[in-house]
Amino acid sequence: MGFWRRLFGGSGADEVNPQRLDYLNEALALERQGDYDAAILQNMAIAFTKTRRIDEAIRHYRRALELDRELAGAHYGLAFLLLKRGDPDGAAQHLRAFLAHPPKGPDAQKWIEHATQALRDLGASGPTKAAAAEAP
């Protein structure tokens with residue numbers, strides 16, 4: 001689950017890691033060539049988030065979800081960016097979609113618990129089939 005570590009791990013919030021910029025530059029080159037998939041778009045969104053380019057991160061998460069509506073990392077990342085932007089309804093939709101198809105792996109449980117708690121804090125219920133189907 002390297003994308004989770006890239007999204008939340010690493011150095012302080014005020015530092016921009018040159019490695020992240022290299023990663024973003026490589027991903028942008030692939031995008032310009034039209035050679036990208038949902039995972040690349042998600043990773044680009046993570047890099048844009050880390051470099052505080054939030055509008056571009058949101059756009060790339062949404063594009064990734066156009067290609068793969070069940071991409072857990074994109075729903076998760078987008079949900080928390082929407083929360084920061086003051087869109088609790090949009091965030092709740094993506095948290096439900098994330099919880100409807102959560103990731104697998106050793107670190108998955110903490111992300112599931114975090115999403116569940118965020119949804120609870122929003123006063124929203126857990127995942128439902130209707131909510132997962134409605135998620136953008």
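Me: Why does Tyr76 count as buried?
Reply: Its relative accessibility is 0%. Buried means under 20% relative accessible area, exposed over 50%, partly exposed in between, with a 1.4 Å probe and protein chains only. So Tyr76 counts as buried.

Me: What is the model, and how are residues counted?
Reply: This is a predicted model: local features need pLDDT of at least 70, side-chain atom pairs pLDDT 80 or more, while totals for chains, interfaces and linings use all residues. Residues are numbered from 1 along each chain as its sequence is written, and side-chain values use heavy atoms, without hydrogens and water.

Me: What makes Tyr76 and Phe80 a tilted pair?
Reply: Rings of Phe, Tyr and Trp (its six-membered ring) pair if their centres lie within 6.5 Å; planes under 30 degrees apart are stacked, over 60 edge-to-face, the rest tilted. Here the centres are 4.9 Å apart and the planes at 55°, so the pair is tilted. Both residues are buried.

Me: How do you know that Tyr76 and Phe98 are a tilted pair?
Reply: Their centres are 5.0 Å apart, with 55° between the planes. Tyr76 lies in helix 5 and Phe98 in helix 6 (residues 88–100), so the pair ties together parts 22 residues apart in sequence. Helices are DSSP runs (H or I, at least four residues), numbered from the N terminus.

Me: Why is Phe98 called buried?
Reply: Phe98 has 0% relative accessibility, so Phe98 counts as buried.

Me: Which residues form the aromatic cluster?
Reply: Tyr76, Phe80, Phe98 and Trp111 form one cluster.

Terms used: Helices (H or I, at least four residues) and strands (E, at least two) are DSSP runs, numbered from the N terminus.
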